[in-house]
Amino acid sequence: MAHFKMQERDLDLFLLEEFYSNSEFCDWFSKKLGLHGYSFASAEHSVSAKANAKWGETDVLVFLKKNEETLAVLIEDKIAAEFMERQADRYHERARAILDDGRAGNYKTVLVAPSVYIADLHP
């Protein structure tokens, strides 16, 4: 039997499927981000966008609603790849472009990854 190796795209599609098919997943995910009372509005996979004259990709872009407020959640997932130079900064730049376009009133950026990615942040 072949050993299954998960790729980042697999994780992207898993997240997308769960957001679209499972409101309890969206509730759980939102609460993990400190967001209460938000519901799923839409999601996109592998979103290429230009911010500050540079192209970049958001792995999963989720829009959540609470009353009349729309929140964009930009998800970067990592399985085994290294961070790219200024990757986190570029996520914030793309998020601000979403706000400037009026697609959302606020945003959060999220890293979905094994704990080794943040091990150095919490000595």
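Student: Why is Lys78 called buried?

Tutor: Buried means under 20% relative accessible area, exposed over 50% and partly exposed in between, with a 1.4 Å probe and protein chains only. Lys78 has a relative accessible area of 3%, so Lys78 is buried. The model is predicted: local features need pLDDT of at least 70, side-chain atom pairs count only at pLDDT 80 or more, and totals for chains, interfaces and linings use all residues. Residues are numbered from 1 along each chain as its sequence is written, and side-chain values use heavy atoms, with hydrogens and water left out.

Student: What makes Lys78 and Glu76 a salt bridge?

Tutor: A salt bridge is a side-chain nitrogen of Lys or Arg within 4 Å of a carboxyl oxygen of Asp or Glu. The closest N and O atoms of Lys78 and Glu76 are 3.3 Å apart, so the pair forms a salt bridge. Glu76 counts as buried, because its relative accessibility is 7%.

Student: How many salt bridges does the structure hold?

Tutor: Two. Glu44 forms a salt bridge with Arg103, with 2.9 Å between the closest N and O atoms. This pair links distant parts of the chain, 59 residues apart: Glu44 is in strand β1 (residues 39-51), and Arg103 is in the loop between α3 (87-100) and β4 (106-112). Helices (H or I, at least four residues) and strands (E, at least two) are DSSP runs, numbered from the N terminus.

Student: Why is Glu44 called partly exposed?

Tutor: The relative accessibility of Glu44 is 28%, so Glu44 counts as partly exposed. Arg103 is partly exposed too, with a relative accessible area of 38%.
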